[in-house]
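Reader: I would like to go through some of the labels given to this structure and see what each one rests on.

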Amino acid sequence: MFESNGAGLGIDDLDGDGDQDIVLANLAEPNSILWNEGGLRFRKQSLSHGDSRGVNIVDVDGDGRQDIVFTRHVLPPSLWRNLEDGRFSEDVLPGVEGKLYSSNWADLDGDGDLDLAGAAYDTALEEDLGYNFMFTRSGGGAYAYENLGGGQFGYDRLSDRADALALLLHDLDSDGRPEVLIGNDFDLPDQTWRREGERWVQAQPFSKTSHSTMSLDAGDVDNDGVMEIFSTDMKPYNHDVRTVAQWRPLMTRTPHETFRGDPQIMENVLQVRDRSGRYRNEAYERRADATGWSWSGKFGDLDQDGHLDLYVVNGMLAADLFDYLPGKELVEQNQALRNDGKGGFRRVSEWGLGSHASGRGMSMADLDSDGDLDIVVNNLHKPAELFENRLCGGSSLQVALRWPGSENTHAIGARLALHTSDGSFYRDVRVASGYLSGDPSRIHFGFPQGATLERLEIVWPDGKSSRVENLRAQTLVTVTR
């Protein structure tokens, strides 16, 4: 059953040639790097192990080269140190001994280097129904691993229990430091921690959360300078007789415990922060609440009109759950949701993204250097898919940040604002989001064709600011501090 959770992927420039490379995690076979040779041609390199769930592409040792970190099925994470020229050495993260499922990186304690947040997938079903999954009953939970320097990590245990399909690091209260958001499967509510001095304190910023959270992402869908938080869950996107017949037997027999004040609802949630700093779920009003049995869901300006769209990959294959369906599989279309320009969404089947291949991990990047966002999906029991963007709308600016001499060489945690004659657009630099999937450190801004680019403002992770002017559309700008 839990092999049906599949695996993730990551995208970034691993060899410094300007092309974005792809890293695919794999449960059954070896993990692989797809080296981008231009023109959407890739050369596959198989690594020495698979048995992996999530992918983080991040400069762990501060040498300027992007390393790869895999979370494993029943082992602690593995580190692949980038030695240049396409060579990697397999290593461990000293002090990181937990069997993590989800992981992410940022400067959590404000000391300038990158720390690791990670959580296990303990799963209530292992205990209640006798499944033997990750062998974490006595050592699971959620952790903040502090980078102690010299390649060593110490940890704070945030929780002794987690069913963490997703982990997002995001500054919820605009104080300059990221909170740790854990998206939990099953009945365990999602969890949030903030750092107060030297301690981690659990917070409750949301009045409603998804019940079985499978993905987390942040993006400014209404261009007001404040990012919304999107989580995916299981809710059918159609209500015709056929769809109801596929879902009802499972939902009827699936146990769902509730308690007084339970914030969980079984649908996608879009957290929108109001002027008082409180978050409210507006997924239903903005038509983003139902996208099927949803895994990775991410924001990206796919049509380059200046407004972030959503793409969500779907499907489930599990004999334990769908013994009554052909092939034991719930077959669904991936869902593309176009931003209506006001922060609401509508389904756009005409974009050609409605694959039925049972997606799990998914990430976006410009893979053919034409300026727009392409999409890679890591599917279950089917080949991975690459969707080339041929929408041919709008224009773009891409930004790569470099911070040599620091321990955070790709400025993870930086915030960017692009000001144009057609409005202002906001992004941040992160390592991972969605479901088990790494994001490129290169930032993509879309905007309407003909818009005048006024300036780019950057707030670096330490709070210092930079301003870049004389920008041109359809360019990649590298800003070195």
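Reader: Why is Glu388 called partly exposed?

Author: Its relative accessible area is 34%. Buried means under 20%, exposed over 50%, and partly exposed in between (1.4 Å probe, protein chains only), so Glu388 with 34% is partly exposed. The model is predicted: local features need pLDDT of at least 70, side-chain atom pairs count only at pLDDT 80 or more, and totals for chains, interfaces and linings use all residues. Residues are numbered from 1 along each chain as its sequence is written, and side-chain values use heavy atoms, with hydrogens and water left out.

Reader: What makes Glu388 and Arg390 a salt bridge?

Author: The term requires a side-chain nitrogen of Lys or Arg within 4 Å of a carboxyl oxygen of Asp or Glu. The N to O value here is 3.0 Å, so the pair qualifies. Arg390 is exposed, with 63% relative accessible area.

Reader: Why is Lys235 called buried?

Author: Lys235 has 16% relative accessibility, so it counts as buried. Glu267 is also buried, at 16%. Their side chains meet in a salt bridge at 3.1 Å, N to O. Lys235 lies in strand E20 and Glu267 in the loop between strands E21 and E22, so the pair ties together parts 32 residues apart in sequence. Strands here are DSSP runs of at least two residues, numbered from the N terminus.

Key: Helix = DSSP H or I, 4+ residues; strand = E, 2+ residues; numbered from the N terminus.
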